[in-house]
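Please look over the sequence and the fold together before reading on.

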Amino acid sequence: MIKAIYPGSFDPVTYGHLDVIKRSSKLVDELIVGVLNNNAKTPLFSAEERVRMLKEVTKDLPNVKIIPFEGLLVDFARKTGAKMVIRGLRAITDFEYELQMAQTNHKMEPEVETVFLTTSLEYSYLSSTTVKEVAAFGGDISQFVPPIVMENIEKKRK
């Protein structure tokens, strides 16, 4: 059985994230979407809120589990029994950072491999940061995030 983790902050989850989740769920038996709770950052949504939204938008994907985590990704992989990490790449700048992280993770846990998926062209520009910036100025984010996420962002803005 192939078990993989797709880690991220997902603050908020975008259509780009969902694209990677859907595509990678077809490649593995079980996909764990690891929602990072990073105390060094101040997220728009709590880990619980992000988990709730991700569960809602992935409810039709039976082999996808949403699990929050803190700390090192390799520790989370050990805890869940995952042997693969999936990362999405939008641009060459993503690759440089992700390659360094993949090599560091592999050094700490040689049994865990990282697989890179290039994002679909229609989402190659999209990031959670961009969504938050557009929303902060009252822009239309409906083409970037699922309706449930858009509703939650609007509630936070009010």
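A pocket, as the word is used here, is found on a 1 Å grid over the protein atoms alone, as an open set of points where a 1.4 Å probe fits, with protein on both sides within 12 Å along at least five of seven lines, and its lining residues have an atom within 4 Å of a point. Grid points are joined across faces, edges and corners, and a volume is the space filled by probe spheres set on the points. The model is a predicted one, in which local features need pLDDT of at least 70 and side-chain atom pairs count only at pLDDT 80 or more, whereas totals for chains, interfaces and linings use all residues. Residues are numbered from 1 along each chain as its sequence is written, and side-chain values use heavy atoms, with hydrogens and water left out.

The largest pocket has a volume of about 1200 Å³. It is lined by 42 residues, of which Pro-7, Gly-8, Ser-9, Arg-87 and Glu-98 are the closest to its centre. Two or more lining residues come from each of strand E1 (3–8), helix H1 (15–25), strand E4 (84–89), helix H4 (92–108) and helix H5 (128–136), where helices (H or I, at least four residues) and strands (E, at least two) are DSSP runs numbered from the N terminus. H4 gives the largest share, eight residues.

The sheet is open and has five strands in the order E3-E2-E1-E4-E5, with parallel pairing; two strands pair if DSSP finds at least two bridges between them. At its edges are strand E3 (64–69) and strand E5 (113–118), each of which pairs on one side only. From one strand to the next the twist averages 30 degrees, with axes fitted as lines to C-alpha atoms, for helices over the stretch in contact, and angles running from 0 to 180 degrees between N-to-C directions. E1 and E4 pair over two bridges, and Ile-5 has Val-85 in E4 as its bridge partner. Helix H2 (residues 47–57) lies across strand E2 (30–36) and E3, at about 150 degrees to E2.

What is found in the loop between E1 and H1? Phe-10 lies there and has a positive phi of about 50 degrees although it is not a glycine. Asp-11 and Lys-132 form a salt bridge (3.2 Å, N to O), a term for a side-chain nitrogen of Lys or Arg within 4 Å of a carboxyl oxygen of Asp or Glu. Because Asp-11 lies in the loop between E1 and H1 and Lys-132 in helix H5, the pair ties together parts that are 121 residues apart in sequence.

Conventions: Contact means heavy atoms within 4.5 Å.
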